[in-house]
Amino acid sequence: MGVLRISLGCFIFFFIMFVTTCSTSKLHETRNIWHSRWWPLKFIMLVVSLIIPFFVHSDFIQLYGELARVGAGCFLGLFTSTVFYIAFVCGIGVMYSHYVPRPSCTLNIFFISWTAILLLVMMVISLHSKELLTVARAKLILADFVLHKMITSSEFDGIFAIEHDAGTDLVGMLLASVAKAFFLTAAP
């Protein structure tokens, strides 16, 4: 309970600082002076905001704890996705530096660039929930195409195919029924 009280005190202090300094745009504006100076007053304000939660009822502290847990989960999700995005950009850079020693390696350049493009497209799709329905419809259309080709021709008979990181969906199961060798992989 003590940790939640200290956390609430810090939240009060930083929220007051945010409200009083947001939209500060000029160096010599009053809010900028408050933001970058007056350290003794801000220290007193911090101490007071850390003491106030010790006089607040425990039920309110419990409610704050639940809200803080949700906020921390949201922050952790945003932080993790940001870290993975940075790692993706760095990984593409490392792939270019290691696998494209000279500009004549066009196949390596193509695959690395195509990987970057596909990962960016997937990131954009995952950020827009309306597109999730579009992806589901596209899978159904592709499954319909595969089923039509399986019935009307022998194009897919005896093929070797890989469906990478898409899970065991309808398209993969259809192709697996006619392929000589087929590999389905699912994301963990």
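Begin by selecting helix H4, residues 58–99, where the buried residues are Ile61, Tyr64, Gly65, Phe88 and Ile92. Here a helix is a DSSP run of H or I with at least four residues, numbered from the N terminus, and buried means under 20% relative accessible area, exposed over 50%, and partly exposed in between, with a 1.4 Å probe and protein chains only. You are looking at a predicted model, in which local features need pLDDT of at least 70 and side-chain atom pairs count only at pLDDT 80 or more, while totals for chains, interfaces and linings use all residues. Residues are numbered from 1 along each chain as its sequence is written, and side-chain values use heavy atoms, with hydrogens and water left out.

Now show the whole of H4, which has 42 residues and reaches 59 Å from its first C-alpha to its last, close to the 62 Å expected at 1.5 Å a residue; the expected span is 1.5 Å times one less than the number of residues.

Because Arg69 and Glu66 are three residues apart in helix H4, about one helical turn separates them. Arg69 is exposed at 55% relative accessible area, whereas Glu66 is partly exposed at 42%.

Next, move to helix H3 and select Lys42, which is buried, with a relative accessible area of 3%. What is Lys42 in contact with, leaving aside its neighbours within four places in sequence? Display Phe13, Met17, Trp34, His35, Ser36 and Arg37 to see these partners, where contact means heavy atoms within 4.5 Å.

Then select Ile6, Phe43, Ile44, Val47, Val48, Ile51, Ile52, Phe54 and Phe55, which make a nonpolar surface patch of about 880 Å². Patches are made of residues with over 30% relative accessible area and no salt bridge, with like charges joined within 9 Å and nonpolar side chains (Val, Leu, Ile, Met, Phe, Trp, Tyr) within 5 Å. Helix H3, residues 39–51, gives the most to this patch, with five residues. Val48 is found in H3 and is partly exposed at 42% relative accessibility.

Finally, select Cys10, partly exposed at 28%, and Cys90, partly exposed at 46%. A search of the whole structure finds zero disulfides, a disulfide being a pair of cysteine sulfur atoms within 2.5 Å.

Definitions and conventions. Accessible areas come from the Shrake-Rupley method with a 1.4 Å probe; for residues, only the protein chains shown count as cover. A salt bridge is a side-chain nitrogen of Lys or Arg within 4 Å of a carboxyl oxygen of Asp or Glu. Helices (H or I, at least four residues) and strands (E, at least two) are DSSP runs, numbered from the N terminus.
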